[in-house]
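Take a look at the fold below.

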Amino acid sequence: MIPTRSMRRLCALLLAGSIGIGPSWAGPVQLEGVTMTERLHLAGNSLMLNGVGVRAVAWLKGYVAGLYLTRKSTSAAEVIAAPGPKRLQLRMLQNVAAQEFVKAFDRGVKRHSSDAEIAALAQRMQGFEQIMHAAGAVKKGDVIDLDYVPASGTTMTINGRLLGAAIAGADFYAALMKVFVGEKVSDPELRAGLLGGTAN
């Protein structure tokens with residue numbers, strides 16, 4: 001029989017793992033029945049899984065998210081400023097209307113940006129929101145990749161299908177990243193998971 005104290009520690013570890021899994025593992029990661037690969041290639045670069053988390057509101061779980069970088073980091077500032085290609089992958093656990101993504105993106109960017117930054121991003125935000133609207137509803141099981149490649153910009157693909165043109169500028173992808181790992185996120189547990197299980 002496992003001692004009571006050891007059982008409590010085991011339960012605590014299992015509960016922590018249900019929220020996010022950090023960069024201390026080796027191999028693919030499974031969360032909510034979704035498998036996130038440890039490594040992938042983007043624009044000729046090898047990216048590694050930095051962290052994984054679940055977007056949840058109360059008991060409703062919307063998607064599993066995985067953040068891929070050329071170099072792992074537990075610092076939000078470093079993740080946002082890191083050079084080179086990046087990928088934020090969302091694996092849907094529910095059907096979601098495109099309008100809900102647009103609202104969340106718009107609120108998140110404005111929450112983390114100054115008036116001057118919003119003015120500089122406004123036209124590109126509109127273009128990206130048009131891309132999301134054109135995608136229509138996303139379904140359970142869909143895979144959304146939000147990629148950044150320095151030479152071209154930010155792209156969105158659903159199940160490998162490219163939607164619209166690339167949105168130029170490192171500042172645009174940084175604004176997008178802040179929606180997920182910025183200081184004023186709507187889901188701190190998702191943020192912690194993407195940053196490797198820390199609250200930095």
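Does Leu88 count as buried or exposed? Leu88 counts as buried, at 1% relative accessibility. The cut-off for buried is under 20% relative accessible area. Keep in mind that this is a predicted model.

Leu88 lies in strand 7, which covers residues 86-92. What is Leu88 in contact with, once its neighbours within four places in sequence are left aside? The partners are Gly66, Leu67, Ile144, Asp145, Leu146, Tyr173, Phe180 and Leu194. Two of these, Tyr173 and Phe180, are also among the buried residues of helix 5. Leu176 is another buried residue of that helix. Leu88 and Leu176 are 88 residues apart in sequence, yet their C-alpha atoms are 9.7 Å apart in space.

Now turn to helix 5 itself, residues 170-181. It has 12 residues, and 9 of them are buried, so the helix is largely enclosed by the rest of the structure. Besides Tyr173, Leu176 and Phe180, the buried set includes Phe172, Ala174, Ala175 and Met177. Val179 and Val181 belong to it as well. The length of helix 5 agrees with expectation: at 1.5 Å a residue it should span 16 Å, and its end C-alpha atoms are 16 Å apart.

Helix 4 packs against helix 5 at an angle of about 65 degrees, with the axes 11 Å apart. That makes the two helices roughly perpendicular. Their crossing is right-handed. On the helix 4 side, the contact uses Leu121, Arg124, Met125 and Phe128. Helix 5 answers with Asp171, Phe172 and Ala175. By class, this contact has 5 nonpolar residues, 2 charged and no polar ones. Phe172 and Ala175 are also in the buried set of helix 5.

Helix 4 has another partner. Its residues 115-135 follow helix 3, residues 98-112, and the two axes come within 10 Å. They cross at roughly 170 degrees. Helix 3 and helix 4 are therefore roughly antiparallel to each other. This crossing, too, is right-handed. Helix 3 contributes Ala98, Gln99, Phe101, Val102, Phe105, Asp106, Val109, Lys110 and His112. Helix 4 contributes Glu117, Ile118, Leu121, Met125, Phe128, Glu129, Met132 and His133. The classes here are 10 nonpolar, 3 polar and 4 charged residues. Leu121, Met125 and Phe128 also take part in the contact with helix 5.

Next, Gly193. This glycine is found in helix 6, residues 188-194. Gly193 is buried, with a relative accessible area of 2%. How far is Gly193 from Gly66, in sequence and in space? They are 127 residues apart in sequence and 8.6 Å apart in space, C-alpha to C-alpha. Gly66 is also one of the contacts of Leu88.

Finally, the backbone. Most residues other than glycine have a negative phi. Glu32 has a positive phi of about 55 degrees, although it is not a glycine. Glu32 is found in the loop between strand 2 (29-31) and strand 3 (34-36). With a relative accessible area of 35%, Glu32 is partly exposed. Asn159 has a positive phi as well, near 55 degrees. This residue is found in the loop between strand 9 (153-158) and strand 10 (161-167). Asn159 counts as partly exposed, at 49% relative accessibility.

Notes
Residues are numbered from 1 along each chain as its sequence is written. This is a predicted model: local features need pLDDT of at least 70, side-chain atom pairs count only at pLDDT 80 or more; totals for chains, interfaces and linings use all residues. Side-chain values use heavy atoms; hydrogens and water are left out. Helices (H or I, at least four residues) and strands (E, at least two) are DSSP runs, numbered from the N terminus. The expected span of a helix is 1.5 Å times one less than its number of residues. Buried means under 20% relative accessible area, exposed over 50%, partly exposed in between (1.4 Å probe, protein chains only). Axes are lines fitted to C-alpha atoms, for helices over the stretch in contact, and angles run from 0 to 180 degrees between N-to-C directions. Angles under 35 degrees count as roughly parallel, over 145 as roughly antiparallel, 65 to 115 as roughly perpendicular and the rest as oblique. A crossing is left-handed if the near helix is turned anticlockwise from the far one by less than a right angle, and right-handed if clockwise. Contact means heavy atoms within 4.5 Å. Ala, Val, Leu, Ile, Met, Phe, Trp, Tyr, Cys and Pro count as nonpolar, Asp, Glu, Lys and Arg as charged, and the others, Gly among them, as polar.
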